[in-house]
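Keep it short, and define the terms along the way.

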Amino acid sequence: MRISRMFYRTMKEVPKEASIPSHQLMFRAGMIQQVSSGIYNYLPLALKSIRKIERIIRDVLVESGCEEVLLPVVQPAELWKESGRWEYYGDELLRFTDRKDNEFCLGPTHEEVITDMVRRNLKSYKQLPWNIFQIQTKFRDEIRPRFGLMRGREFIMKDGYSFDTDSEASRETYYRMYKAYEEIFRRTGVDFKAVEALTGNIGGSLSHEFQVLADSGEDLIISCPRCAYAANAEKARTVFPVDEAEVTTTESPADVHTPGAGSIEEVSAFLDRSPRDFIKSLLYRVDGKPVLVLLRGDREVNEAKLLAVLQGNTIGLADEETVQSLCGTETGYVGPVGLNDKVPVLADRSVEGRSGMVCGANRKDYHKINVCWERDYKAEIVDDFSFARSGDPCPECGAKLEEFRGIEVGQVFHLGTKYSESMNCTFLDSEGKEQPVVMGCYGIGVGRTMAAAIEQNHDESGIVWPVAIAPYEVVVMPLQMNSSEVIEAGEKIYRELLEGGIDALIDDREERAGFKFNDADLVGYPLQIGIGRKSLEKGVLEIKIRKTGEKLEMSPDAVVSFVSDFLGREKVK
């Protein structure tokens with residue numbers, strides 16, 4: 001490809017909303033254009049990178065025994081109502097009606113459609129297992145699209161689904177796909193980590209996310225430096241061994257006057273007690289029903305864990321009217337003592353077994369001291385309802401956990417029979433009995449993987465592509481376009497690179513050398529070959545390695561061999 005003929009223009013300025021490097025650099029490098037909020041045109045450079053990511057995905061999945069299909073973007077409401085997700089999926093589901101008033105949605109995911117497709121063909125256990133995937137456009141009506149391709153409304157996604165006869169076989173498929181995902185992201189050249197994750201509104205009981213490590217990542221990752229344990233902060237398990245130094249007491253609870261002190265910080269300062277000595281009591285509504293959640297005063301409620309334990313769909317703090325009605329006071333003075341017969345009480349493990357604690361007294365401007373586990377209150381459910389954080393003990397080996405930022409680019413789910421039971425996707429087993437098929441689900445954000453690679457690999461000059469997903473591997477730059485000798489040398493190297501199977505392009509624009517070098521750094525071609533009069537007089541060309549900035553001089557005859565060797569080494573890292 002000749003840059004002079006490309007649909008391509010670099011820019012110095014970027015839109016104000018482009019707040020992270022990948023968004024800024026894709027605009028500046030002429031890779032994307034915004035059509036509407038969260039909706040983009042993929043220009044040639046972006047699409048070349050996306051196609052390379054898709055090729056890696058297809059190669060690995062075919063090697064793993066998967067088959068590709070293509071499912072519709074527009075999905076009928078009937079299928080979503082059958083699975084039970086039409087009402088509770090939320091406002092991200094873009095619903096509409098056709099001219100006959102039939103209800104449809106733009107697919108944010110394809111569990112319903114794939115389950116319907118399979119049940120039409122599935123009769124016997126002898127047909128299974130099946131493992132089917134697609135690469136398709138999705139649409140989720142994000143309330144606040146941001147960060148370019150990271151959080152758009154329309155996006156390209158690979159989603160796949162497995163169908164097995166039983167849970168054991170399905171779990172074997174799950175971990176086979178887990179390994180396939182590791183290989184996919186290894187081949188793209190990004191630095192990633194697989195972490196435990198919650199299943200969210202997809203459903204299921206087992207899930208892992210694949211996170212590209214980057215300081216700008218939206219997700220917080222909790223990881224152990226000693227063992228292999230790693231999890232998304234929403235999933236990361238907490239461990240709270242009862243310390244011998246914890247406050248203990250045999251005294252009865254007593255109310256103390258705490259005027260105007262409603263927050264943990266205010267009360268701990270007023271009573272000169274550590275926040276660790278407090279029971280934080282928060283009244284929530286889960287699917288409209290109130291529950292009281294207790295945790296230690298220095299911890300925060302993990303609403304995703306709470307939803308998962310209660311198998312709920314919606315969650316939010318109760319309003320003041322509900323707090324007053326159930327607890328007899330206002331937020332800030334709520335405590336568990338005396339509330340067991342009024343509202344279900346759920347306790348985080350951080351308060352389990354502890355005595356001598358402080359909590360709200362269920363009347364304004366008062367708190368209780370000397371509150372003890374089980375003696376003074378009980379919990380219907382004790383589970384992990386809080387966020388893990390750096391310094392907590394690892395749930396596997398006890399070492400201190402560390403925090404990282406990450407960008408989720410893929411996730412695998414073990415769905416079980418959630419969709420097959422609700423949508424009657426069944427088969428006859430070896431005894432002729434009807435059984436629901438056991439499913440898995442596997443997704444990759446294709447455009448998001450490209451953006452995450454840029455977030456992880458850039459500098460002050462521009463993008464620093466991993467070789468495997470760079471739009472072009474090499475750019476040839478004749479530096480004096482008024483010199484026939486320079487032009488001929490550039491054309492010769494360009495042809496030889498193409499004949500050698502190298503994805504190259506030539507910058508044949510009538511521009512000064514500095515402009516071409518800056519453009520090459522901005523777009524991030526892994527190798528830049530500069531050809532100038534002075535270097536030709538010495539019988540050499542200059543090659544710049546974008547990742548390191550190293551510059552090499554070598555004979556034109558050695559260039560193709562060097563480039564082939566370099567690219568091969570980089571791709572297998």
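Phe147 lies in the loop between strand E7 and strand E8 (154-164). Helices (H or I, at least four residues) and strands (E, at least two) are DSSP runs, numbered from the N terminus. The phi of Phe147 is near 65°, a positive value in a residue other than glycine. This is a predicted model, in which local features need pLDDT of at least 70 and side-chain atom pairs count only at pLDDT 80 or more, while totals for chains, interfaces and linings use all residues. Residues are numbered from 1 along each chain as its sequence is written, and side-chain values use heavy atoms, with hydrogens and water left out.

Asp101 has a positive phi too, about 65°, although it is not a glycine. Its place is in the loop between strand E5 (95-97) and strand E6 (103-106). Asp101 is exposed, with a relative accessible area of 60%. Here buried means under 20% relative accessible area, exposed over 50%, and partly exposed in between (1.4 Å probe, protein chains only).

Next comes a peptide bond. Leu128 and Pro129 are joined in cis, with omega about 10°. Pro129 sits in the loop between helix H4 (111-121) and strand E7 (130-139).

Now turn to strand E17 (residues 345-348). Both of its faces are covered. Val345 and Ala347 are buried on one side, Leu346 and Asp348 on the other. Two strands pair if DSSP finds at least two bridges between them. Strand E15 (residues 289-296) runs parallel to E17, and three bridges join them. Within this pair, Leu292 stands opposite Val345. Three bridges also join E17 to strand E20 (residues 381-383), again in parallel. There the bridge partner of Ala347 is Val382 in E20.

Strands of a sheet pair through backbone hydrogen bonds, either parallel or antiparallel.

Further along is an open sheet. What is the order of its five strands? The order is E28-E27-E29-E30-E31, and the pairing is mixed. Strand E28 (504-506) and strand E31 (551-554) are the edge strands, each pairing on one side only. On average, neighbouring strands of this sheet are turned by 20° against each other, direction ignored. For such angles, axes are lines fitted to C-alpha atoms, for helices over the stretch in contact, and values run from 0 to 180 degrees between N-to-C directions.

Inside this order, look at E29 and E30. Strand E29 (residues 527-531) and strand E30 (residues 541-545) run antiparallel, joined by four bridges. Leu527 stands opposite Ile545 in E30.
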